[in-house]
Amino acid sequence: MVDSDAIQCSDGAAVYSTFAKQHGITHQVVHAKAGQRVREGAFHIQHVNAYHSRLKLWMARFHGVATKYLEHYLGWRRMLERYQQTIQPCHCLQEAVGRPLQHIIGT
């Protein structure tokens, strides 16, 4: 599900262009060659490349996962990215039940 006003930035692979055309969204091609990683100052693919690198490094320890469990691993990873070094058991419980963490203030 992609909003029609979204702008897709990619490395120019044909599959991305086809997707953008089929869904009526703007497609900006940013080549991964040195000196061309940023286009018009705002369009780049470095955030995606950096996340992909961190995800692959983290997933390597599992020696592959079953496709049916992939969503769970990705959710776990998103949680680790969100809380980083401040993660607590209460964060895990709140995320598991799909509720934002609420602070309790005694009066």
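**Helix 3 and its neighbours**

Good morning. Helix 3 passes helix 4 in a right-handed crossing; a crossing is right-handed if the near helix is turned clockwise from the far one by less than a right angle, and left-handed if anticlockwise. The contact is made by M79, R82 and Y83 of helix 3 and H91, C92 and E95 of helix 4, where contact means heavy atoms within 4.5 Å.

Before I continue, please note that this is a predicted model, in which local features need pLDDT of at least 70 and side-chain atom pairs count only at pLDDT 80 or more, while totals for chains, interfaces and linings use all residues. Residues are numbered from 1 along each chain as its sequence is written, and side-chain values use heavy atoms, with hydrogens and water left out.

Helices here are DSSP runs of H or I, at least four residues in length, numbered from the N terminus. Two packed helices are described by the angle between their axes and the distance between the axes. Helix 3 and helix 4 (residues 89-97) pack at an angle of about 135°, with their axes 11 Å apart. The axes are lines fitted to C-alpha atoms over the stretch in contact, and angles run from 0 to 180 degrees between N-to-C directions. Helix 3 is therefore oblique to helix 4; angles under 35 degrees count as roughly parallel, over 145 as roughly antiparallel, 65 to 115 as roughly perpendicular and the rest as oblique.

Let us turn to helix 2. The axes of helix 2 (residues 46-59) and helix 3 cross at roughly 115° and come within 11 Å. This crossing, too, is right-handed. On the helix 2 side, the contact residues are Y51, R54, L55, W58 and M59; those of helix 3 include R77 and E81.

Now to these two residues. E81 lies in helix 3 (residues 70-83), and R77 has its place in helix 3 as well. Is R77 buried or exposed? At 12% relative accessibility, R77 counts as buried, whereas E81 is partly exposed at 22%. Buried means under 20% relative accessible area, exposed over 50%, and partly exposed in between, with a 1.4 Å probe and protein chains only.

The side chains of R77 and E81 are joined by a polar contact of 2.7 Å, that is, a pair of N or O atoms within 3.5 Å; within protein, one must be able to donate a hydrogen and the other to accept it, and residues adjacent in sequence count only if both atoms are side-chain atoms.

Leaving aside neighbours within four places in sequence, E81 is in contact with Y51 and R54. R77, on that basis, touches Y51, R54, L55 and W58. Thank you.

How values were computed
Helix = DSSP H or I, 4+ residues; strand = E, 2+ residues; numbered from the N terminus.
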